[in-house]
Amino acid sequence: MRLEYTERQNKFRAEIREWLAANVPKQPLQSFDTEEGFRQHREWEHRLNGGHWSAVTWPEHLGGRGVDLIEWLIFEEEYWRAGAPLRVNQNGIFLLAPTLMEYGTEEQKKRFLPRMAAGDDIWAQGWSEPGAGSDMAAIRCKAIRDGDHYVINGQKTWSTRAVWADWLFGLFRSDPDSVRHHGLTFVLLPLNLPGITIRPIKQLNGLPGFAEIFFDNVRVPVENRMGEEGQGWNVAMATAGFERGLMLRSPGRFQQTAKALVDLYKAEEKNVDDCSLRDAVVKSWMDAEAYTLATYATAGRLRKGEHIGPEASTNKIFWSELDLSMHETAMRLLGPRAELMEGSPDGGNIGHWLEGFLFAQAGPIYAGSNEIQRNIIAERMLGLPR
Amino acid sequence: MDFAFKDEHIAFSDSIRKFLMVEAAPEWLREIWETETGRSRELRGKLAEQGLTALSVPEEFGGIGAGDLEWVLIHQELGYYAIPDSLIDTAYLATYLLNRLPAADASLKKTWLPKIADGSARIAVGHPVNPMVADAQNADLILMWHDDEVHALTKDQVKLSFNPSIDMSRRLYKVSWTPSDATRICPARLGKQLWDGVLDRAALAGAAQLVGLTQRMLDLGIDYSATRKQFGKPIGSFQAVKHHLADVAVKAEFAKPVLYRAAYATEREQARRGVYVSHAKLAAGEAAWLGARKSMQVHGAMGYTWETDLQMFMKRAWALDAAWGDRAFHKKRIADFILADGARLGPGETFA
């Protein structure tokens, strides 16, 4: 056991800290779920990529720095510590890229990854459909082979960032006679193709953070397929485990929230009559620490080549419930001011807690609802009967 | 950054697990529970044969000289098997104290450490955070706190009154005694540091046992839900039951790295030792209480009986949660740390 950073890791931390201090915008950007905010965030991705910081774990020739998972955690800690903008391209960089690295052809990697790192292509995801949510194998949206094209017909929904994104990745049914997870194919497609209609969906905060996508005879070249035809389910699942979970929600985010919550508690302490709030703040710090420790422990195992199994599902439950309880605590601390929207003239710069509270509501639902995660834990980790 | 234990530590704890699987089976625990002393000389002898009593004793006194990291794996096994013995008080806590006595007290070390190592002595430890002293009646020596001083007493110097615990393997006594120059073995100016070290190690050992107990109660719940049938199928196939047990697995999974960091900080005497130990104790206590509640729910009415083994592990978990600092005590230590001016918190400070 060695719970210390190496010299090299400390140097890496100092380097990213210095770059962020010089480059993070002084004024917070607008939400990337507005047109102007999306543009600002794309510009930020350009700038990150200029410093070779946009995808540090990727190999250098694809725009990364080839660093390992521990250094990636350090990067993320510094990123959140600096209050840098949210990653508008996280669907691409954190969700699609690991799959592309494993299943993409060399040609596909060269074609997609550098543009993704630069923010030239911002990616949306196309998994869910009206009839396929938690039950993703119920996908019906078709991609039927016609010569050297797939012809796509049907609907996707809850596509995050799809309103202004450039590209979409998702699963489509390529064998119309297939059922469940057979006969699915993983396809990448630009969102400006003829026959695509995007209908924005307003989220709780009033902004169109996701969209419905309708496909009407949309023709996609066969070279946009990832993996083999009919093998889409395996392609999607192979990297759906720990690495993607880890990349989706690194601990830095929650450590930063826990710290802000401690500061908020100290600022409000004299007004706090509810003695359970101190408890909740203590618990927030403990759980953010626990999540960090567990992530480092797992990253250490992965780095040694060990395999992470269904226990990865415990992560999703832990961070989503942690995020929710931290924001609930903040709302309780703010009391009657908690409802005030960001920008309320007399609110006192607290609107980010409300925004975070709204976003935290979605955590136990997206990326595999927590009920699905509990089933996975019970059946695959604890061995309970199906 | 590496949370892996040394291969030889893992091998040793594996061998202890196999030993306890045979020697501490639930039917044996029940038998020992029923005895008057609540202790088995035979079991203690076997624990000594395995080297467990000698673990903390320095080599020069016939021991092994192991550290807190090696112990933390053993504590988990002792918890998993709910061992009915105060081994930890003697072999971990009292040995820690005796080891660090001022040089002038070499005779105490010479007298007691070899006896601890060979398993022939039991030593009880009394600290004001606990209202009772565990195993005082069986002890050959009782080490007591008094205003940060350490006092060493034999049974003729104390009056004991037995207070039965719901966990029948805990034998708790109120100890009445009078401190004197003759009983004092360490002054307060040194004793303060020693008692802090004892308290953190005792809480760490408690946390590790609670993690082991959580796993045991989870395992019992899994076994029961896979075999018990209702509506024509195993109850473990019902989602409501699955989710009870999944919740326990989540808590257990996230208590472990917290426990290991606390052990690491303790072995290295890091400045944040106390905070990290308190965190471990709270996380483990919460996991174990949830484990007890959910496993009992899964067991249905069987879980409420004396006959079902689950009760022995639940009772140990309920008791250990507040031993060596209850939740309020440990939460306060964390609150004092995170709410202090200039506290270093947030991303990048976890391993500072």
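## Aromatic rings: worked exercises

The charged end of K316(A) sits over the ring of Y366(A), 5.9 Å from its centre. Here "over" requires NZ of Lys or CZ of Arg within 6 Å of the ring centre and within 35 degrees of the ring normal. This is a predicted model, where local features need pLDDT of at least 70, side-chain atom pairs count only at pLDDT 80 or more, and totals for chains, interfaces and linings use all residues. Residues are numbered from 1 along each chain as written, chains are lettered from A and ligands numbered from 1 in written order, and side-chain values use heavy atoms, without hydrogens and water.

**Exercise 1.** Find which residue lies over the face of W53(A).

Solution. R65(A) does, at 3.5 Å from the ring centre.

**Exercise 2.** Classify the pair F38(A) and W164(A).

Solution.
- Rings of Phe, Tyr and Trp (its six-membered ring) pair with centres within 6.5 Å; planes under 30 degrees apart are stacked, over 60 edge-to-face, the rest tilted.
- Across all chains there are 34 aromatic pairs.
- For F38(A) and W164(A), the centres are 6.2 Å apart and the planes at 45°, so the pair is tilted.

**Exercise 3.** Are F38(A) and W164(A) buried or partly exposed?

Solution.
- Buried means under 20% relative accessible area, exposed over 50%, partly exposed in between (1.4 Å probe, protein chains only).
- F38(A) has 4% relative accessibility, so F38(A) is buried.
- W164(A) has 24%, so W164(A) is partly exposed.

**Exercise 4.** List the residues in the ring cluster that includes Y366(A).

Solution. Ring pairs join F254(A), Y291(A), F318(A), W319(A), F359(A), Y366(A) and F254(B).
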